[in-house]
Amino acid sequence: MYQVAPESKPLRSGRSGIAIRAISFVALMVLISRLLFAASPGDAIITDQNAVANRNKPERMDWLQDAGFGMFIHWSVDCQLGGDISHVVADADNKVLDWYFHELPKTLDPTQCDPTHWMDLARLAGMRYAVFTTKHHNGFCWWDTSTTDYNVMKTPYARDVVKMFTDAARRAGLAVGIYYSPDDFYFLYRHGLPVTRPAPAMDAATEASFKDLIRTQTRELMTRYGTIDLLFIDGSPKEPCRDEGWNCNPNLLVTRGALTTPEQHLPGRALPGAWEANVTMGIQWPYKPTGEVYKSSSKLLEILVETRAKGGALLLNVGPMPNGELPPEQEGRLRDMALWHAFNGECIHDTRPWIITNEENIWFTRRKETPVEDATIYAIITGVDNWERGQRRTITIRSAKVTDRTRITFLGQNEKTLEYQPSADPSTKWRQTSQGLEISAMRTLRFTTSGNYANPMVLKLEHVQPAMVPPAVDTENALTNSNGGATLKGRLVDLGKVHEVKVGFEYQEYLGFTEALYNDQWSRTPMKQLSSPGDFHAEINGLKPGKTYRYRAIVVHPKITMRGEFQQVGPILPQKNEKTKEQGGRQ
């Protein structure tokens, strides 16, 4: 956590005359590369297994890393029901399918649909692109397609929503993205095949017709609505859609289908190149009228910050209501994020990872145009606990050190005045100590009437250098044991230029695909000391039988704690004595 400490020595503002000890840049970059970008065989990143061919141009992938933040819009004919989009009808019987495909479209009439309002909110919140579900797995098309009668033009609304969306996005200055699912429940239904995922086996003629449908629909989307900038392919087969998209537009950026796109989770560390996380505001992709559990705007901003610190872009989802409006809870969060972005947006756009992603609750991004050895970085302080206006706090950063050109400011503040307190000195001050770079900063902005504000605070550090060579650790595959526990495994890759470090693991019960992002509570194994790279392990027992656990290796360096990638182990086996008792009870 950031530290609050008394100031026993004068702190400097402006230029510093502190002598700097140089670190070999070549050696540093080799180790940084290993830390940030070397994936181990055990990395538990969900990567698109169909992304075998990436024809994305390098400049388009760079654009995604620069943009950093986009809006995802999940909407389909079954928004009227409030259930899971498309999946609600998978494995249903024929009576339900008949009603779903023939009766439900008759009541779709989103009279308050206003993509211009959606896009204005997206732009206000700092998003630079938007992606709309033109067709989800159920096969319902939001455009005037010639390929099927299961489309919006056959409903009471009878307006081409894809055109409305693409026009609105361009007016707002946003890049235009479309989501397309090759899966098609309506196609399966019409061909007398089970409506399920993955799609059942088809004969050669049916499969050829299916792939032709995918190509034709993709071509319609790519050629009728101006330039489409991004394509998110969700389902199978991806190849006909992906290849047709690139054939129509060689500059098309395909995210899912060509890049890593973790869904409802973030990777444990920075990933190489461009990648895109897609996350919901609540627990469901479409509108959920009852029982929705929304993340706070502070939590959503923390997810955005972590994504950017790890080099990815965040595609944050909204789900319009049946009438076309966004739920008030979603709009409210976007507006709160817009307030934060107005003052702090600089720290999430046109950035790349720093030598480390974070020092506990302080996350870092780096201006992409600044080299690591003379960097402009942003220290983004999350988990802020009632930092009052006019209060000065001390933050210690261990991964960066000052130069004679260093300048540090509180992002968004003028560093000169504090409202109603003309004698106050709100300028940011700093000094280099044996414990790290000590920064004294005062919060002056009043974001709310009460003055309370729990969203991330950002410090901008210009012309700083790495103060250390970070250690590196990999998480490796674990094994369950017969004692109601597991053997966790890891590997220390680099000590980070010290003689000894401590290693161990953090673990938590895996609550589920969607719920994992809500769980910030971790248990830690006893730590072991290592003086050289190599394998290590730890036994954990007393776990819940039948449950799956998430874990990650950690290395504690004298200056910093670093973590490896997330892995899962489970389901946990019952203890031997419990199993014996159960068997005895059945005899």
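1. Glu415 sits in the loop between strand 13 (400-410) and strand 14 (429-433). Helices (H or I, at least four residues) and strands (E, at least two) are DSSP runs, numbered from the N terminus. Phi of Glu415 is near 65 degrees, a positive value in a residue other than glycine. Glu415 counts as buried because its relative accessible area is 15%. Buried means under 20% relative accessible area, exposed over 50%, and partly exposed in between (1.4 Å probe, protein chains only).

2. A word on the source. This is a predicted model: local features need pLDDT of at least 70, side-chain atom pairs count only at pLDDT 80 or more, and totals for chains, interfaces and linings use all residues. Residues are numbered from 1 along each chain as its sequence is written, and side-chain values use heavy atoms, with hydrogens and water left out.

3. Lys497 also deserves a look. Phi of Lys497 is near 65 degrees, again a positive value in a residue other than glycine. Lys497 lies in the loop between strand 18 (486-494) and strand 19 (501-509). Is Lys497 buried or exposed? Lys497 is exposed, because its relative accessibility is 64%.

4. A cis peptide bond joins Arg197 and Pro198, with omega about -5 degrees. Pro198 is in the loop between helix 6 and helix 7. Another cis peptide bond joins Ser236 and Pro237, with omega about 0 degrees. Pro237 is in the loop between strand 4 (230-233) and helix 8 (239-248). Most residues other than glycine have a negative phi, and most peptide bonds are trans.

5. Now the whole protein. It has 11 helices and 25 strands. Buried residues make up 58% of its 587 residues. Of the contacts with a separation of 6 or more, 74% are between residues 24 or more positions apart. Contact means heavy atoms within 4.5 Å. The accessible surface comes to about 24,000 Å², and 49% of that belongs to carbon and sulfur atoms. Accessible areas come from the Shrake-Rupley method with a 1.4 Å probe; for residues, only the protein chains shown count as cover.

6. Which residues touch the most other members of the largest nonpolar core? They are Met119 and Leu461, in a core of 142 residues. A nonpolar core is a set of buried Ala, Val, Leu, Ile, Met, Phe, Trp, Tyr and Cys residues joined through side-chain atoms within 4.5 Å. Not counting residues up to four places away in sequence, Met119 touches Met71, Ile73, Ala130, Phe165, Ala168, Ala169, Ala172 and Leu174. Another core lies apart, with 16 residues, among them Met61, Leu259, Ala313 and Leu315.

7. Ile397 belongs to strand 12 (residues 392-397). Ile397 counts as buried because its relative accessibility is 0%. Beyond residues up to four places away in sequence, Ile397 touches Glu359, Phe364, Ala379, Gly436, Leu437, Ile439 and Leu461. Ile397 and Lys559 are 162 residues apart in sequence but 9.4 Å apart in space, C-alpha to C-alpha.

8. Thr525 is in the loop between strand 20 (523-524) and strand 21 (528-530). Thr525 is buried, with a relative accessible area of 4%. Leaving out residues up to four places away in sequence, Thr525 touches Gly504, Phe505, Tyr507, Ala538 and Ile540.

9. The largest pocket has a volume of about 870 Å³. On a 1 Å grid over the protein atoms alone, a pocket is an open set of points with protein on both sides within 12 Å along at least five of seven lines, a cavity is a set where a 1.4 Å probe fits but cannot get out, and lining residues have an atom within 4 Å of a point. Grid points are joined across faces, edges and corners, and a volume is the space filled by probe spheres set on the points. Of the 32 residues that line the largest pocket, the closest to its centre are Glu306, Asn358, Trp363, Asp520 and Arg552. Helix 9 gives the most to this lining, with four residues.

10. The largest cavity has a volume of about 50 Å³. Its lining includes Gly139, Asp184, Tyr186 and Arg190. Helix 6 gives the most to this lining, with three residues.
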